[in-house]
Amino acid sequence: MRRVALLGATGSIGRQAREIVAAQPDLELVAASSGSTPIDGLAPHTQVGGDLTELLERSQPDVVLNAVVGFAGLPATLWALERGIALALANKESLVAAGELALTARERGGGPILPVDSEHSAAFQCLEGREGETVSRLVLTASGGPFRGRTRAELEHVAVDDALAHPTWRMGPKITVDSATLANKGLELIEAHFLFGLPYEQVEVVVHPTSTVHALVWFRDGAALAHLGFPDMRVPISYALTYPERAATPVEPLDLAAGLTLEFEAPDLDTFSLLGLAREAGERGGTYPCAFNAANEVAVAAFLEGRLPFLGIAEVVERALSTVDGAPAADLDELVAADDEARRAAEAMLEPVA
Ligand code: NAD
Ligand code: MG
């Protein structure tokens with residue numbers, strides 16, 4: 001029996017995780033949290049808002065599924081890593097922001113990070129622990145979002161609802177906007193760097209509109225392994241919660257004989273500049289990834305509130321990043337200070353842009 005703490009139980013990942021846990025006799029939901037929705041009775045231990053490490057201390061789970069959105073997920077990520085408790089990680093923002101601190105905590109705790117992000121779950125399965133010199137390249141696929149193929153001029157007046165109409169995935173609003181700007185793939189690039197210990201030049205992003213291939217790994221002998229399937233988050237959620245088993249899910253296999261065409265293209269880095277900005281932040285290291293994430297969270301929230309045009313998101317992030325010092329954080333306090341500095345820089349940019 002594996003005792004699961006589900007953080008962010010009312011969200012898109014959280015609801016799908018509840019379905020997987022309910023259908024799997026070996027999984028037991030011992031704790032659940034939400035940001036603000038009441039969730040009484042959902043699990044023996046529940047919490048709405050507040051410090052999620054209190055809930056984790058109370059419930060002592062075997063695995064933490066972190067499906068909180070944003071930097072708010074960081075304390076729970078570090079709590080699991082420090083204690084060597086398996087971390088099923090959907091909350092990519094915490095790994096992007098904490099970076100080296102998270103890896104140090106993982107080393108101390110000795111537990112696994114089981115990626116829930118579909119591309120990283122796919123890459124994890126293709127890699128099967130074969131990191132290092134046999135791997136020549138990791139390819140993360142991007143659907144391209146609802147604005148694939150559009151020019152900057154065509155994106156000037158897009159509305160919030162247009163950005164929320166994702167072609168292949170149904171997700172929470174923040175990640176859906178990130179998918180429309182390609183900031184999501186930028187966060188995933190940094191996430192992959194930390195998860196798999198690969199230098200940035202070995203991680204490539206390719207646009208693949210149907211999201212059928214989730215990731216692909218090239219090895220030094222010229223072979224590539226790819227992970228295919230319908231875009232359905234229940235597969236990576238189930239894999240992370242039942243690893244190393246592969247439990248059954250209700251997800252159908254692809255019908256190859258019906259005719260399956262796989263299309264790939266290069267991302268348009270001029271129009272979707274947040275992808276390049278993320279790569280740059282990752283390569284600069286230190287707290288630049290943390291600042292990228294923080295500024296992006298502020299800008300996306302402003303866009304969703306109608307205070308910032310779509311193209312303003314990238315503009316705010318770029319300008320905020322140019323003001324921060326990016327020095328590495330020695331501990332959590334310094335990281336929180338770097339996050340805060342970038343948030344304030346981004347807030348200050350909102351007025352002139354809007
Ligand atoms: P969502 O907005 O649907 O749900 C977020 C959950 O977090 C909700 O339960 C909410 O109550 C809770 N929450 C929000 N703010 C909080 C706070 N400050 N403190 C505590 N709890 C808080 O988001 P989602 O789409 O489920 O995404 C969750 C995470 O998973 C994100 O990091 C996202 O990038 C990642 N992810 C999501 C998908 C997907 O298909 N939805 C795919 C890959 C990765
Ligand atoms: Mg993803």
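Is Pro267 buried or exposed, and what is its relative accessible area? Pro267 is buried, with a relative accessible area of 18%; buried means under 20%, exposed over 50% and partly exposed in between, using a 1.4 Å probe and protein chains only.

This is a predicted model, where local features need pLDDT of at least 70, side-chain atom pairs count only at pLDDT 80 or more, and totals for chains, interfaces and linings use all residues. Residues are numbered from 1 along each chain, ligands are numbered from 1 in the order written, and side-chain values use heavy atoms, without hydrogens and water.

Pro267 sits in the loop between helix 11 (234-242) and helix 12; helices are DSSP runs (H or I, at least four residues), numbered from the N terminus. Beyond its neighbours within four places in sequence, Pro267 is in contact with Leu182, Val205, Val206, Val207 and Leu275, contact meaning heavy atoms within 4.5 Å.

Leu275 also takes part where helix 10 meets helix 12.

| Pair | Angle | Axis separation |
|---|---|---|
| Helix 10 and helix 12 (residues 273-284) | about 20° | 7 Å |

Axes are lines fitted to C-alpha atoms over the stretch in contact, and angles run from 0 to 180 degrees between N-to-C directions. Helix 10 is therefore roughly parallel to helix 12, a word used for angles under 35 degrees.

Glu119 in helix 6 and Glu188 in helix 10 lie 69 residues apart, and both are buried.

How values were computed. Helices (H or I, at least four residues) and strands (E, at least two) are DSSP runs, numbered from the N terminus. Angles under 35 degrees count as roughly parallel, over 145 as roughly antiparallel, 65 to 115 as roughly perpendicular and the rest as oblique.
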